[in-house]
Amino acid sequence: MLGCADSRVPLELLFDAGLGDLFVVRSAGNTVFTSAIGSLEYAVAHLGIGLIIVLGHERCGPGADAINGGRSAT
């Protein structure tokens, strides 16, 4: 799962999963960078992960900045 670095969004609680049940990569605004891609590739190739979910949330500051060309929407 690729999720936002915002720790107020606990993905384990959203999916009723225990700690360690999900393979989670977090980044600001769900942006994908080389090491995040590598981590997700590792999960698919070596851990048997069959589905990657990209999960965003409302009022994401980095996401809004990216959409607005680096200018904060607030």
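This is a predicted model: local features need pLDDT of at least 70, side-chain atom pairs count only at pLDDT 80 or more; totals for chains, interfaces and linings use all residues.
Strand S1 (residues 2-4) is joined to S2 by 3 bridges in the parallel sense, and Cys4 lies opposite Ser27 in S2.

Along the sequence, the protein chain runs β-α-β-α-β-α, with 3 helices and 3 strands. Helices (H or I, at least four residues) and strands (E, at least two) are DSSP runs, numbered from the N terminus. Residues are numbered from 1 along each chain as its sequence is written. Local features need pLDDT of at least 70, side-chain atom pairs count only at pLDDT 80 or more, totals for chains, interfaces and linings use all residues, and side-chain values use heavy atoms, without hydrogens and water.

The mean pLDDT (the predictor's confidence in each residue, from 0 to 100) of the protein chain is 83, and 88% of the residues reach at least 70. Confidence is highest in helix H2 (residues 34-47), at a mean of 94, and lowest in helix H3 (residues 61-67), at 70.

Of the 74 residues in the protein chain, 20% are buried (under 20% relative accessible area; exposed is over 50%, partly exposed in between; 1.4 Å probe, protein chains only). Val54, located in strand S3, counts as exposed because its relative accessibility is 55%.

Terms used
Two strands pair if DSSP finds at least two bridges between them.
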